[in-house]
Amino acid sequence: MLVGCTAGEMYDSVFYCLVSTDATFQEAQIDCANRPENASLVTIDNADINNFITYFAGGRGSVWIGATDQETEGLWKWPNGDTLDFTSWRSGQPNNYGGSQNCAALNYRSNFNTRIIDPRERTTGSLTTYEPPLYSYKTIFEHKIIKDN
């Protein structure tokens, strides 16, 4: 099992790791980049992977996924630069609420939700504040296994 994994599982030649320590989206990205395994936040490019990741997260609430439109508003991409061909957006998403929702999390119902990257912003009910605590979820990262032929 990789360092920092609470749970790990292989699926379709990809090793998935659940890190149970809550992190912001930016912290999760940095954590993946600093791993020696060339890890990235999870890419969900079909319904089978979406269902697997939902199962793998095991009802732990929302988990960060790699989808982001940080570079160009409305153009959602995975960490490898591919655009999202498969999506499972929750009804009304992506909505860029407040003009600052540029990352995505997967909820326990297999739906993508947009979230705020800015680590200073927190919404509680109808009140938005700009101090910690902030959106902080578990992380699932992936490590593609490369097989020699």
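The largest pocket is lined by 17 residues, and Gln29, Gly66, Thr68, Trp78 and Pro79 lie nearest its centre. The model is predicted: local features need pLDDT of at least 70, side-chain atom pairs count only at pLDDT 80 or more, and totals for chains, interfaces and linings use all residues. Residues are numbered from 1 along each chain as its sequence is written, and side-chain values use heavy atoms, with hydrogens and water left out.

**Largest pocket**

- About 250 Å³ of space lies in this pocket.
- A pocket here is an open set of points on a 1 Å grid over the protein atoms alone, where a 1.4 Å probe fits, with protein on both sides within 12 Å along at least five of seven lines; lining residues have an atom within 4 Å of a point.
- The volume is the space filled by probe spheres set on the points, which are joined across faces, edges and corners.
- H1, strand E3 (40–41) and strand E4 (63–68) each supply at least two residues of the lining.
- Helices (H or I, at least four residues) and strands (E, at least two) are DSSP runs, numbered from the N terminus.
- H1 gives the most to the lining, with three residues.
- The lining divides into seven nonpolar, seven polar and three charged residues.
- Pro79 is found in the loop between E4 and strand E5 (101–106).
- Pro79 is partly exposed, at 43% relative accessibility; buried means under 20% relative accessible area, exposed over 50%, and partly exposed in between (1.4 Å probe, protein chains only).
- The C-alpha atoms of Pro79 and Gly66 are separated by 5.7 Å, although these residues are 13 apart along the chain.

**Helix H1**

- Phe25, Ala28 and Cys32 are the buried residues of helix H1 (residues 25–33).
- Down the axis of H1, its buried residues fall within an arc of 60°, so they line one face of the helix.
- The arc is taken over the directions from the helix axis to the C-beta atoms.
- Ile30 and Ala33 are exposed on the other side of H1.

**Aromatic pairs**

- The structure holds six aromatic pairs.
- Rings of Phe, Tyr and Trp (its six-membered ring) pair if their centres lie within 6.5 Å; planes under 30 degrees apart count as stacked, over 60 as edge-to-face and the rest as tilted.
- Among the six aromatic pairs, Tyr11 and Phe52 are stacked, at 4.5 Å centre to centre with 10° between the planes.
- Tyr11 lies in strand E1 (residues 7–11) and Phe52 in helix H2 (residues 47–57), so this pair ties together parts that are 41 residues apart in sequence.
- Tyr11 is partly exposed at 27% relative accessibility, whereas Phe52 is buried with a relative accessible area of 6%.
- Phe52 also pairs with Tyr55; that pair is tilted, at 6.2 Å centre to centre with 50° between the planes.
- Both Phe52 and Tyr55 lie in helix H2, three residues apart, about one turn of the helix.
- Tyr55 is exposed, with a relative accessible area of 55%.
- Ring pairs link Tyr11, Tyr16, Phe52, Tyr55 and Phe56 into a cluster.

**Salt bridges**

- The count comes to two salt bridges, each defined as a side-chain nitrogen of Lys or Arg within 4 Å of a carboxyl oxygen of Asp or Glu.
- Arg35 and Asp31 meet through their side chains at 3.0 Å, N to O.
- Arg35 is buried, with a relative accessible area of 11%, and Asp31 is partly exposed at 28%.
- Glu71 and Lys77 form a salt bridge at 3.8 Å, N to O.
- Glu71 is exposed, with a relative accessible area of 72%, and Lys77 is partly exposed at 23%.

**Backbone geometry**

- The peptide bond from Gln93 to Pro94 is cis, with omega near -10°.
- Pro94 sits in the loop between E4 and E5.
- Asp12 is not a glycine, yet has a positive phi of about 55°.
- Asp12 lies in the loop between E1 and strand E2 (14–23) and is exposed, at 64% relative accessibility.
- Ser13 has a positive phi near 65°, also in a residue other than glycine.
- Ser13 lies in the loop between E1 and E2 and is partly exposed, with a relative accessible area of 32%.

Conventions
Ala, Val, Leu, Ile, Met, Phe, Trp, Tyr, Cys and Pro count as nonpolar, Asp, Glu, Lys and Arg as charged, and the others, Gly among them, as polar.
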